[in-house]
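Good morning, colleagues. Please take a moment with the sequence and the structure before I discuss them.

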Amino acid sequence: PHLLGMEELLRLCEDKVAPYLESNKLAAADWSPSWPFYVLFRTRMSDFNRVKELEALHVNVDVTRFGMDDGYKRQVILDLAASSSESSLRQAIDLAKKYQTPDLCTVLSEHLAYYFSTPSPTNPPASAASGATNPLHYLK
């Protein structure tokens with residue numbers, strides 16, 4: 001028999017339940033006593049997948065702590081923003097938007113502080129950065 005992966009299992013659950021929720025035939029609270037556990041499981045799986053993406057950027061993250069400790073989550077996001085890598089900045093912005101911590105201005109401030117305080121070949125002075133990604137465009 002084929003064993004379902006976590007993603008497939010979640011999708012299967014959502015496919016079965018979503019039509020009832022969307023048509024208001026069934027309220028989420030009335031669906032089952034296990035509904036809060038499903039929501040928590042879905043959130044934890046989402047956190048786990050996001051942590052896997054961070055690990056691909058070579059960022060060490062404690063999966064359990066990231067999912068439960070808002071202060072740790074905030075610090076991970078800010079550490080990610082303190083980088084000259086555009087992919088790290090994009091990931092930090094995505095995480096900040098998803099978890100609503102820290103605010104976008106704080107993420108960009110952290111990135112700009114790092115960007116302007118760390119001279120390196122990958123971070124030329126602003127006058128020499130023709131064609132380079134300008135972090136200020138995220139403020140538009």
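Asp-103 caps the N-terminal end of α7, with a side-chain oxygen 3.1 Å from the backbone nitrogen of Cys-105. The criterion behind this is the polar contact, a pair of N or O atoms within 3.5 Å; within protein, one must be able to donate a hydrogen and the other to accept it, and residues adjacent in sequence count only if both atoms are side-chain atoms. Helices here are DSSP runs of H or I with at least four residues, and they are numbered from the N terminus.

Two remarks on provenance. This is a predicted model, in which local features need pLDDT of at least 70 and side-chain atom pairs count only at pLDDT 80 or more, while totals for chains, interfaces and linings use all residues. Residues are numbered from 1 along each chain as its sequence is written, and side-chain values use heavy atoms, with hydrogens and water left out.

Let me stay with α7. This helix has 14 residues and reaches 20 Å from its first C-alpha to its last, close to the 20 Å expected at 1.5 Å a residue; the expected span is 1.5 Å times one less than the number of residues. Which residues of α7 are buried? They are Val-107, Leu-108, His-111, Leu-112 and Tyr-115, where buried means under 20% relative accessible area, exposed over 50%, and partly exposed in between, with a 1.4 Å probe and protein chains only. These residues lie on the same side of α7 because they cover an arc of only 130° around the axis, the arc being that of the directions from the helix axis to the C-beta atoms. The face turned away from the buried side carries the exposed residues Cys-105 and Ser-117. The cover over the buried residues of α7 includes α5 and α6.

Not counting residues up to four places away in sequence, Val-107 touches several residues, including Ile-77, Leu-89, Ile-93 and Pro-102; contact means heavy atoms within 4.5 Å.

Between α5 and α6 there is a loop that contains Ser-83. Ser-83 counts as buried because its relative accessibility is 15%. With the sequence exclusion of up to four places, Ser-83 touches Ser-88, His-111 and Tyr-114.

I turn finally to charge pairing. Side chains of opposite charge can pair when their charged atoms come close. How many salt bridges are there? The count comes to three, a salt bridge being a side-chain nitrogen of Lys or Arg within 4 Å of a carboxyl oxygen of Asp or Glu.

One joins Asp-69 and Arg-65, at 3.4 Å from N to O. Asp-69 is partly exposed at 29% relative accessibility, and Arg-65 is partly exposed at 41%.

Another joins Lys-73 and Asp-70, whose closest N and O atoms are 3.9 Å apart. Both residues lie in helix α5 (residues 70–81), three residues apart, about one turn of the helix. Lys-73 is buried at 6% relative accessible area, whereas Asp-70 is exposed at 52%.

The side chains of Glu-86 and Arg-90 also form a salt bridge, at 2.4 Å from N to O. Glu-86 and Arg-90 are about one helical turn apart because they are four residues apart in helix α6 (residues 86–99).

Terms used:
Helices (H or I, at least four residues) and strands (E, at least two) are DSSP runs, numbered from the N terminus.
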